[in-house]
Amino acid sequence: MRKAQSYRLAPSILTADFGRLADAIQAAQAGGADAIHLDVMDGMFVRNLTFGPMVVEAVRRATTLPLDVHLMVQEPGRYVADFVRAGADSVTVHEEATLHLNRTVQQITDLGCQVGVALNPATPVESAREILPFVDLILIMTVNPGFGGQRFIETSTSKVRRMRRLLDELNPTCALQVDGGVNRETISDLAAAGADFFVVGSAVFNPQGSVADNLAGLRAVLY
Ligand code: DX5
Ligand code: ZN
C-alpha cells in the first residue's frame, strides 16, 4: 500500500440531499474530503440525467475543495469549456463516449484544467495505452456508470492492478481513481491494487451515519 497521506477521498454528491446541497458539501469539507466528485449524466451515454454547469457553479461557491467533474455524456468535447468556466479543477471524459479522445483530452489541457479518462467495466486496460501519457488521471469504473449505490464488480480489483502496472511504465505520476461501490469492505483491496483516488457516494452520503464519521471510517481502513 502507498503512504496514507497520498490517498484522496472524493465524495460524490449523487446520493446527497439536493435540497441541502451546500450543507452536504460543507459537511464533506469539514469531514476531511480531498475533493468533491460531480457526476454529470446526459440520458444518452447513460440512462440517467443529473445536472449541468449551473450546479457545478453553485457547488464552486459552496466549497474551496477541488471540483472533480465526471462527464458521463456523449461527445463531451461539446461541453468541456462550460464546465471549466463553471469552476471544474479536473474534467474526466469516457473513452467510450468520444470519437477523437486525444483531441478532447488536448482541449481540456489547453483550458488549463486537469484531465482524466474513464474506462467502463468492459473496456480493457490496454485500450487506454496511447492516451496515458497525456492525462493527469485515469478512472476505472468499478460499476456500470449511471447510478449511485450499485454493487462493486469484483473483477475490478485485478483491472486496477493491471492499470497501475501500465501507468508505472507510461505515466507514473498519473492519479488512479476508482468509482462505484467503494466502501469500507472494498477500499483496502483497491488501495493494495494501486488505486490512490477514491470516489465514494452512498458510503459517505447515507442516512446511517454522519458524513464526517463515514469519511473517518474509510480513512481508518486505509491507514
Ligand atoms: C456512478 C457514478 C458514481 C456514483 C458512485 O455512475 O459515477 O460517482 O455516484 O456512487 P456509489 O459510491 O454509491 O457507488
Ligand atoms: Zn462518478
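A residue counts as buried when its relative accessible area is under 20%. The legends below describe close-up views of a predicted model.

**View 1. Ser156 in helix α5 of the predicted model.** Ser156 belongs to helix α5, which covers residues 156–170. The relative accessible area of Ser156 is 4%, so Ser156 is buried. Apart from neighbours within four places in sequence, Ser156 is in contact with Met141 and Thr142.

**View 2. The buried and exposed residues of helix α2.** Helix α2 is formed by residues 53–62, and among them Val56, Val59 and Ala62 are buried. Seen down the axis of α2, the buried residues fall within an arc of 115 degrees, and therefore they line one face of the helix. Met54 and Arg61, on the other side of α2, are exposed.

**View 3. The elements that pack against helix α2.**

**View 4. Polar atoms of the protein beside oxygen atoms of ligand 1.** Asp39 has a polar side-chain atom 2.7 Å from an oxygen atom of ligand 1. For His37, a polar side-chain atom lies 3.5 Å from an oxygen atom of the ligand. Gly146 takes part through its backbone: one of its polar backbone atoms is 2.7 Å from an oxygen atom of ligand 1. On its own, ligand 1 has 380 Å² of accessible area, and the protein covers 100% of this area.

Terms used: Residues numbered from 1 in each chain as written. Chains lettered and ligands numbered in written order. Predicted model: local features only at pLDDT ≥ 70, side-chain atom pairs only at ≥ 80, totals over all residues. Heavy atoms only, no water. Buried < 20%, exposed > 50% of the residue type's maximum accessible area, 1.4 Å probe, protein only. Helix = DSSP H or I, 4+ residues; strand = E, 2+ residues; numbered from the N terminus. Arc of directions from axis to C-beta. Contact = heavy atoms within 4.5 Å. Polar contact = N/O pair within 3.5 Å; in protein donor to acceptor, adjacent residues only side chain to side chain. Areas by Shrake-Rupley, 256 points an atom, 1.4 Å probe, with all protein chains shown as cover.
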